[in-house]
Amino acid sequence: TVAFVIDMHGLQPNLLMDMKAMKGLSDLLGTVYAERICRITIVDFSRAAQALWWVLKPMLRPATKDKFAFVSEAQARPLCKALAGAPLYDALC
């Protein structure tokens, strides 16, 4: 299984967005690896993006919705430590 942690703090989408690449990644993760993903943790998601999530959320299957967690940095640290284990967490953070 795979768990993603995506840190959105300070993200400026207009500088990083290659929509073709994002679409390709979305297609790949949505079909090939969808069942292997156990959790997607998004840290410091903007309020505007959270509003968009609440619009899209009803369109997703319950199993897909349950894979997402939106947390603050303070919430993410113990969560990541539990997911990765203390030695790996300490090496990365």
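1. Where in the chain is Asp-44 found? Asp-44 lies in the loop between β2 and α3. Its phi is near 55 degrees, a positive value in a residue other than glycine. Asp-44 is classed as partly exposed because its relative accessible area is 28%; buried means under 20%, exposed over 50%, and partly exposed in between, with a 1.4 Å probe and protein chains only.

2. On the basis of the note: this is a predicted model, in which local features need pLDDT of at least 70 and side-chain atom pairs count only at pLDDT 80 or more, while totals for chains, interfaces and linings use all residues. Residues are numbered from 1 along each chain as its sequence is written, and side-chain values use heavy atoms, with hydrogens and water left out.

3. On the overall arrangement: the chain holds six helices and three strands, and along the sequence they follow the pattern β-α-α-β-α-α-β-α-α. Helices (H or I, at least four residues) and strands (E, at least two) are DSSP runs, numbered from the N terminus. Of the 93 residues in the chain, 15% are buried. Among contacts with a separation of 6 or more, 82% come from residues 24 or more positions apart; contact means heavy atoms within 4.5 Å.

4. On the sheet: three strands form an open sheet in the order β1-β2-β3, with parallel pairing. Two strands pair if DSSP finds at least two bridges between them. The edge strands are β1 and β3 (68-71), each of which pairs on one side only. On average, neighbouring strands of this sheet are turned by 15 degrees against each other, direction ignored; the axes are lines fitted to C-alpha atoms, for helices over the stretch in contact, and angles run from 0 to 180 degrees between N-to-C directions. Strand β2 (residues 37-43) is joined to β3 by four bridges, and the two run parallel.

5. On Thr-41: this residue belongs to strand β2 and stands opposite Ala-69 in β3. Thr-41 counts as buried because its relative accessibility is 0%. Leaving aside neighbours within four places in sequence, Thr-41 is in contact with Phe-4, Val-5, Ile-6, Ala-69, Val-71 and Leu-79.

6. On Phe-45: this residue is placed in the loop between β2 and α3 (47-56). With a relative accessible area of 19%, Phe-45 is buried. Apart from neighbours within four places in sequence, its contacts are Met-8, Gln-50, Trp-53 and Phe-70. Phe-45 and Ser-72 are 27 residues apart in sequence and 8.0 Å apart in space, C-alpha to C-alpha.

7. On the second largest pocket: its volume is about 330 Å³. A pocket is an open set of points, on a 1 Å grid over the protein atoms alone, where a 1.4 Å probe fits, with protein on both sides within 12 Å along at least five of seven lines. Grid points are joined across faces, edges and corners, and the volume is the space filled by probe spheres set on the points.

8. On the lining of that pocket: 16 residues line the second largest pocket, and Val-5, Ala-76, Cys-80, Tyr-89 and Cys-93 lie nearest its centre. Lining residues have an atom within 4 Å of a point. The elements giving two or more residues to this lining are β1 (2-7), α5 (73-84) and α6 (86-92); α5 gives the most, with six residues. The lining divides into 11 nonpolar, one polar and four charged residues, where Ala, Val, Leu, Ile, Met, Phe, Trp, Tyr, Cys and Pro count as nonpolar, Asp, Glu, Lys and Arg as charged, and the others, Gly among them, as polar.
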